[in-house]
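Please look over the sequence and the model below before reading on, and keep both at hand while you work through the points.

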Amino acid sequence: MPAHTSDMSPAFEDRSQSSSGDDYELETTSEPPVHPLKVATVIDDGTKSFFWRAHSVTVLICMLAVFLYVALVEDTVNDTSFNTKRGILACIVVFCLWGMTQAKDGPFTRPHPAFWRLVLCLSVVYELALVYVLFQSRDDTRQLLTHFDPKLGKVLPEQSYAEDCTFYDPQPHPNGHLHNFWKKCDVFIWGHLLGWFAKMLIIRDYWLCNVISILFEIMEYTLEHQLPNFAECWWDHWILDALVCNGLGIWLGMKTLNYLNAHTYHWRGLWSIPTYSGKLKRMVMQFTPYSWTEYEWHPFESLSRWIYVILLVSIFLLAELNCFYLKFVLWIPPPHIINILRLVFLCPVGAVTVRESYQYLNVPHCEKLGQQAWVALAIIFTEALIVVKFDLPLLLQLPPPGVILFWVAFGLVILAWTLYYFFLRPYQRYKRKQLKERHSRRKGGVATRSDPSDDPSVTNGRYRARLRTRSPNVH
């Protein structure tokens with residue numbers, strides 16, 4: 001679902017641009033330049049319908065009515081497993097009802113602020129479930145999953161996609177010469193395409209998404225000795241995944257962003273629209289963005305923004321890897337509904353998280369990380385810790401020496417470039433500026449000695465003469 005935003009208040013929109021300058025001290029020690037949030041034009045008549053009211057008392061009365069029915073009317077079922085599952089589900093529902101009526105609003109308002117409060121509450125529930133799993137053993141967790149699906153809890157067969165990497169087979173084949181390529185074109189292609197389309201709408205930066213896409217393919221090369229399904233043919237990595245699926249999804253997301261950035265959002269109340277077709281269109285438009293904020297990450301503008309973007313890329317890669325390692329460690333098949341629900345659920349969670357992170361980076365009045373971003377970071381790192389706890393020997397398997405050398409070289413290049421661009425380069429500019437000013441002062445000093453009119457004694461004498469002429473009483 002596309003990420004969308006509400007209008008920012010004037011306190012967040014009126015932002016001053018601080019100049020970067022050529023001063024070495026300014027570039028290395030001062031605060032980074034501030035960028036105003038670029039929000040699309042919004043025209044709203046301010047109409048608030050019945051559905052935009054709080055309804056907190058109504059929800060409380062309905063919830064207590066259900067409890068009254070369970071306590072006095074419903075027959076008790078003597079089934080421990082059934083009662084346990086239903087009791088846990090009731091606790092989750094009560095918590096979500098409380099959050100939908102009492103939690104703070106996030107940055108998004110469509111289709112309704114209560115929807116995004118529900119997303120926040122469900123993410124808290126998911127984090128609590130992960131914390132519970134973290135304190136269990138691996139075998140107990142696998143057994144626990146069988147309560148959700150009896151088919152779980154079984155060892156997954158190892159599957160590699162690099163058995164036959166022939167791209168063009170000259171030999172006759174019923175499926176053509178490209179039969180290996182068509183064999184890899186399964187339902188997961190649509191998952192890749194839709195996933196990167198959603199990531200583009202979440203990150204809203206074409207080059208940043210391509211960097212994450214390429215780095216993840218390199219991560220698959222790096223970790224294929226740990227997870228067999230990371231082993232793919234070269235054309236599967238770079239043609240089918242990076243170029244076709246990921247690239248097409250990113251491109252479609254970019255085109256969608258261009259439309260959303262240039263679109264003017266005009267909203268009217270449902271009852272102020274005279275025609276039925278207009279009312280129907282307005283109801284459908286309720287599930288579209290209220291407004292749209294363009295992201296400009298500017299990673300090369302300051303050291304803090306550069307580190308922030310590196311952390312953003314690293315966290316996205318960690319979240320992607322968690323999906324593969326969790327299903328491997330907990331024996332959850334890739335097409336299982338648990339994996340699908342997790343990926344679908346993380347889309348709105350990621351949209352709010354990146355939006356709050358972007359606001360935390362760019363808005364000076366925002367002094368703390370948003371609530372959804374806080375929970376999302378807790379989820380990502382808790383998932384990683386579960387993998388570390390349940391199968392540490394798997395993670396300690398070192399890749400081939402060539403892979404290690406590549407990542408060492410990559411890290412050294414990033415470190416060297418960071419030191420040069422944010423420390424050495426500003427220092428060189430500062431020294432050149434100092435040298436230029438020193439030459440200018442020397443030239444000015446020669447001119448002063450050669451021009452009698454610039455002699456301090458002559459100048460002071462003329463000034464005192466003018467002063468006496470204007471004010472005879474001054475001594």
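The structure is a predicted model, in which local features need pLDDT of at least 70 and side-chain atom pairs count only at pLDDT 80 or more, while totals for chains, interfaces and linings use all residues. Residues are numbered from 1 along each chain as its sequence is written, and side-chain values use heavy atoms, with hydrogens and water left out.

**Cysteines**

- A search of the whole structure finds 0 disulfides, a disulfide being a pair of cysteine sulfur atoms within 2.5 Å.
- Cys366 is buried, with a relative accessible area of 17%, whereas Cys347 counts as partly exposed at 23%; buried means under 20% relative accessible area, exposed over 50%, and partly exposed in between, with a 1.4 Å probe and protein chains only.

**Salt bridges**

- The structure holds 5 salt bridges, each defined as a side-chain nitrogen of Lys or Arg within 4 Å of a carboxyl oxygen of Asp or Glu.
- In one of them, Glu74 pairs with Arg86, and the closest N and O atoms are 2.8 Å apart. Glu74 lies in the loop between helix H3 (56-72) and helix H4 (80-102), and Arg86 lies in helix H4, so the pair ties together parts that are 12 residues apart in sequence; helices are DSSP runs (H or I, at least four residues) numbered from the N terminus.
- Glu74 is partly exposed at 25% relative accessibility, and Arg86 is partly exposed at 34%.
- Asp105 forms a salt bridge with Arg117, where the closest N and O atoms are 2.7 Å apart. Because Asp105 sits in the loop between H4 and helix H5 (113-134) while Arg117 sits in helix H5, this pair ties together parts 12 residues apart in sequence.
- Asp105 counts as partly exposed at 48% relative accessibility, but Arg117 counts as buried at 14%.
- Lys199 forms a salt bridge with Glu320, with 2.8 Å between the closest N and O atoms. This pair links distant parts of the chain, since Lys199 belongs to helix H8 (residues 188-203) and Glu320 to helix H12 (residues 303-329), 121 residues apart.
- Lys199 counts as buried, at 14% relative accessibility.

**A patch of positive charge**

- Lys431, Arg438, Arg441 and Arg442 gather in a patch of positive charge on the surface; such patches are made of residues with over 30% relative accessible area and no salt bridge, with like charges joined within 9 Å.
- Arg438 lies in helix H16 (residues 401-450) and is partly exposed, with a relative accessible area of 35%.

Technical notes: Helix = DSSP H or I, 4+ residues; strand = E, 2+ residues; numbered from the N terminus. Patch = residues over 30% accessible without salt bridge, like charges linked within 9 Å, V, L, I, M, F, W, Y side chains within 5 Å. Areas by Shrake-Rupley, 256 points an atom, 1.4 Å probe, with all protein chains shown as cover. Lys, Arg positive; Asp, Glu negative; His and termini not counted. Charge placed at Lys NZ, Arg CZ, Asp CG, Glu CD.
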